[in-house]
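Good morning, and thank you for coming.

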Amino acid sequence: MKTALITGATSGIGRATARALAREGINLVLCGRREERLDELKKELSKRVAVSTLCFDVRDREQVFNKIKSLPEKFSEINILINNAGNAHGLDSIQEGNIDDWDAMLDINVKGLLYVSKAIFPKMIHQGSGHIINIGSTAGKEVYPNGNVYCASKYAVDALNQAMRIDLNKHGIRVGAVNPGLTQTEFSEVRFKGDSEKAKSVYDGFQPLRPEDIADIIRFVVTRPYHVNIADLVVMPTAQANSTTVNKN
Ligand code: NDP
Ligand code: 8X3
């Protein structure tokens, strides 16, 4: 039986992915900072599979390594890593950008992804197999107005996805990215710092993706036979043509 470690499992795409993988009988290591939500999800999914939780901030390098090291024996083998934790912070022009927002996005979306991956690589290399799914974004394929540093962080994920695939190739480890477009989660709440009205208005007038839509695609990616590696997928709602073209009523 396989085990998947999912970062950002307390909300949105990560939480929906945990549920989708549990339905496939995949054991889970759920990660995030909100412990109560981790506990709730563990309670829900333990009816189907074995679940362990790790509460840490991906920005804290020491915590990342210590928490992953602390996993019980039963969860020591990680077959699937879903690098999902991340957010946008702010939507300002580059000249008006808030430096704390820049730090948050680069520290979480890029460096956090690297820390977690670095803690998992030795396990997968030792096993001679593994599957890493990096959650990028359409923002990592095309820069949009005021997207600047968030886009840069997701372009970095795109580069790291390619880099991991090359460098881990000789170890038999599969690496691929799923790049969602507009998906209704807590993403915009975080981007607009709790302004629910503004967050909701992002998705007004069209049908955005639901986190379950992306989770279903991740489920498909990780259940392909070992010789099949889905390297890079871009998934948008039908109403979205690119980062700036959305057909709203
Ligand atoms: P949510 O805000 O709903 O979920 C974000 C998750 O990331 C939460 O579980 C949160 O957990 C976790 N997280 C955030 N910061 C940290 C941190 N410092 N340490 C540990 N965990 C953290 O957003 P989404 O589900 O939409 O986002 C998931 C991924 O999908 C992100 O990488 C995002 O960039 C990407 N994405 C989202 C799109 C969208 O339109 N929604 C489109 C394209 C990509 P907690 O707060 O408990 O730590
Ligand atoms: C999230 C999608 O378009 O809000 O990565 O940047 S977008």
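I begin with K193, which sits in the loop between α6 and α7 (196-201). Helices and strands here are DSSP runs, helices being H or I of at least four residues and strands E of at least two, numbered from the N terminus. Although K193 is not a glycine, its phi is positive, at about 55 degrees. Is K193 buried or exposed? K193 has 11 C-beta neighbours inside 10 Å and counts as exposed. By definition, a residue is buried with 20 or more other C-beta atoms within 10 Å of its own, exposed with 12 or fewer, and partly exposed in between, the C-beta atoms being placed from the backbone.

A word on the source: this is a predicted model, in which local features need pLDDT of at least 70 and side-chain atom pairs count only at pLDDT 80 or more, while totals for chains, interfaces and linings use all residues. Residues are numbered from 1 along each chain as its sequence is written, and chains are lettered from A and ligands numbered from 1 in the order in which they are written.

N146 also has a positive phi without being a glycine, at about 70 degrees. N146 belongs to the loop between β5 (130-135) and α5 (148-167). With 15 other C-beta atoms within 10 Å, N146 is partly exposed.

Let us turn to the whole protein chain. Its secondary structure comes to eight helices and seven strands. The radius of gyration is 17 Å, close to the 18 Å given by the globule rule for 249 residues, so the chain is as compact as a globular protein of that length. That radius is taken over C-alpha atoms, and the rule is 2.2 Å times the number of residues to the power 0.38. The C-alpha trace spans about 50 × 35 × 35 Å along its principal axes. Of the 249 residues, 42% count as buried.

Next comes strand β2. Why is β2 (residues 27-32) largely enclosed by the rest of the structure? Six of its six residues are buried, so the rest of the structure largely encloses it. N27, V29 and C31 point one way from β2, while L28, L30 and G32 point the other way.

What are the partners of β2? Strand β1 (residues 3-6) pairs with β2 in the parallel sense over four bridges; two strands pair if DSSP finds at least two bridges between them. Within this pairing, I6 has L30 as its bridge partner in β2. β2 also pairs in the parallel sense with strand β3 (residues 51-55), over five bridges. There, L30 stands opposite T53 in β3. From β2 the chain crosses through helix α2 (residues 35-45) to β3, in a right-handed β-α-β crossover. Right-handed means that, with the strands pointing away from the viewer, the path from the first strand over the helix to the second runs clockwise. β1, helix α1 (residues 12-23) and β2 likewise make a right-handed β-α-β unit.

Finally, the ligands. Ligand 1 is surrounded by 28 residues, and the closest are G8, G12, R33, G86 and F187; a residue is near a molecule if its C-beta atom, placed from the backbone, lies within 6 Å of it. Helix α1 gives the most to this shell, with three residues. Ligand 2 is surrounded by S137, T138, A139, G147, L182 and S243.
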